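We'll take a walk through how its parts are held together.

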Number of protein chains: 2
Amino acid sequence: MTSVDEPARPHGNGRLRDAARTRAEILDVATLEFARVGYAGARVDDIAARTSTTKRMIYYYFGGKEQLFTAVLERAYGVIREAEQQLDVEHLDPVAAIRRLAELTFDHHEQHPDFIRLVSIENIHEAEHIAASEKLGRIGSPALDVIGRILASGRESGLFTAEVDAVDLHAMISSFCFFRVANRHTFGALFGRDLVDPAQREHYRAMLGDMVIAYLTAERATD
Amino acid sequence: MTSVDEPARPHGNGRLRDAARTRAEILDVATLEFARVGYAGARVDDIAARTSTTKRMIYYYFGGKEQLFTAVLERAYGVIREAEQQLDVEHLDPVAAIRRLAELTFDHHEQHPDFIRLVSIENIHEAEHIAASEKLGRIGSPALDVIGRILASGRESGLFTAEVDAVDLHAMISSFCFFRVANRHTFGALFGRDLVDPAQREHYRAMLGDMVIAYLTAERATD
DNA sequence: GCTAATGTACGAACTGGTGAGTTAGTCATA
DNA sequence: TATGACTAACTCACCAGTTCGTACATTAGC
């Protein structure tokens, strides 16, 4: 997720024994491996082999495969939380703010396919690792507050007509961004269209923004 | 997917030896098992144990675990194709037709969570089984033609302003429906909202329709 | 010297796949 | 319609290779 650089080198440049470094390296490798082949498909031995340390260290630091996967998820969600905390769109008018926010979500999903895969995998496991994690239960998302405030101001100024709350709008935006990355393989194989083709990137980015804004600003038939 | 009824009973009521029946039973069980725990997580022994036949028969009929999964996918996609062939919305006006089509997609996704899981799993494997299947490569979707015709008539009558093609609109509709089912666990765990809560069903169904129609009929800023 | 950190070697249980043999059903023929 | 040859359908036991996890030994750093 973060620093997969400098892979081999017997524990890099710093101290020979560096717990934090060892832990981080295991997490880096495990993230790649779990994202690549899923939880059940990943092999602890393979993960260990790809680190500069040994399998024993995985059990020493994380306890087991299950807890390792949970730790991977925790860090991955941490990254997206950080990104969302940098969100700075509230100086824009509501329409522009929502579009910008959708675009940032779009970009983030595109830039972190491994995260998308991990989330897909965790859903296959019915979010049992999130449930087991103290760090991840009901953490929500920093973006939610931002969306909430933009929505309120947009409704106040009469620009937004739709009756959605922040969570639902977040779901709407996420669904488009997530599907495009997560399902690109089956979609491509079935319909012969690559949803993440760089040449079509702007097309889909605009489509998302248009869709969200159209929804929020449409005149509703019977209210 | 189809007939998971009458599970045990040493080959049911019909003939004692019935190849078609045995094959179908293996597929039924395998579908459930693959959807439940993923490809790597599924155990051929477990699948065999849940049938009234033996593991050897799985290899006899399908060749191996990989081909069994492919066969499961082929049948699952067959079901959705059949459903889409029943589509009968072209007698409606374009707006109503698209909304109805979106609702049918919504309903189908909701009613087939196992199919959704299989698609998620297949995407983790980068659609390699679809690629390996003769039946599934580029099959497209019957719905696509329907969407294409509705879109054309809607644009002709000036109702639809958006410049989307059928595939992209299909992606938009699918993304919402798919996300709601596929990601309900992580979304629920993180945001405390159950996207498939029956009490909210109509809410999300309407939201999808509103979204698609708003997108298609919105006045575009600069054209 | 004490402890946190690390490495080695191993094992019990599992897992996909197969070899070899058996049985149910079919059908041509007497 | 009884029979026997034939084949598709099926069972069982087993193997070779993994795979998670751990017991035990060792080392670095304070």
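This is a predicted model: local features need pLDDT of at least 70, side-chain atom pairs count only at pLDDT 80 or more; totals for chains, interfaces and linings use all residues.

Residues are numbered from 1 along each chain as its sequence is written, chains are lettered from A and ligands numbered from 1 in the order in which they are written, and side-chain values use heavy atoms, with hydrogens and water left out.

Let's begin with the two chains together. On the chain B side, 57 residues are in contact with 57 residues of chain A, contact being heavy atoms within 4.5 Å. Between them, about 4700 Å² is buried, and carbon and sulfur atoms give 67% of that. Buried area here is the accessible area (1.4 Å probe) that two parts lose on being put together, summed over both. Within chain B, the residues that lose the most area to chain A are B:I124, B:L190 and B:F191, together 14% of what that side buries.

How many residue pairs are in polar contact between chain B and chain A? There are 17, with both residues at pLDDT 80 or more. A polar contact is a pair of N or O atoms within 3.5 Å; within protein, one must be able to donate a hydrogen and the other to accept it, and residues adjacent in sequence count only if both atoms are side-chain atoms. As for which parts of chain B do the touching, α1 (19-41), α6 (113-124), α9 (166-182), α10 (184-191) and α11 (201-217) each supply at least two residues to the side facing chain A. Of these, α9(B) gives the most, with 11 residues. Helices are DSSP runs (H or I, at least four residues), numbered from the N terminus. Sorted by class, that side of chain B has 30 nonpolar, 15 polar and 12 charged residues. In this sorting, Ala, Val, Leu, Ile, Met, Phe, Trp, Tyr, Cys and Pro are nonpolar, Asp, Glu, Lys and Arg are charged, and the others, Gly among them, are polar.

Now for the charges. Side chains of opposite charge can pair when their charged atoms come close. A salt bridge here is a side-chain nitrogen of Lys or Arg within 4 Å of a carboxyl oxygen of Asp or Glu. The count over all chains is 34, and between chain B and chain A it is 6. One pair to look up is A:E126 with B:R117, at 3.9 Å from N to O. Another is A:D168 with B:R193, whose closest N and O atoms are 3.1 Å apart. That pair joins two chains, because A:D168 lies in helix α9 of chain A and B:R193 in the loop between α10 and α11 of chain B. A:D168 is buried at 3% relative accessibility, while B:R193 is partly exposed at 26%. Buried means under 20% relative accessible area, exposed over 50%, and partly exposed in between (1.4 Å probe, protein chains only).

Staying inside one chain, B:D107 and B:R205 meet in a salt bridge at 2.6 Å, N to O. B:D107 sits in α5 (94-111) and B:R205 in α11 of chain B, so the pair ties together parts 98 residues apart in sequence. Both B:D107 and B:R205 are buried. Over in chain A, A:R149 pairs with A:E90 at 2.7 Å. A:R149 is in α8 and A:E90 in the loop between α4 and α5, 59 residues apart. A:R149 is partly exposed at 45%, as is A:E90 at 41%.

Two last stops. B:T31 belongs to helix α1 of chain B and is buried at 2%; its side chain reaches the backbone oxygen of B:L27 at 2.7 Å. A:E219, in the segment after α11 of chain A, is exposed at 68%. Not counting residues up to four places away in sequence, A:E219 touches A:T161 and B:E219.
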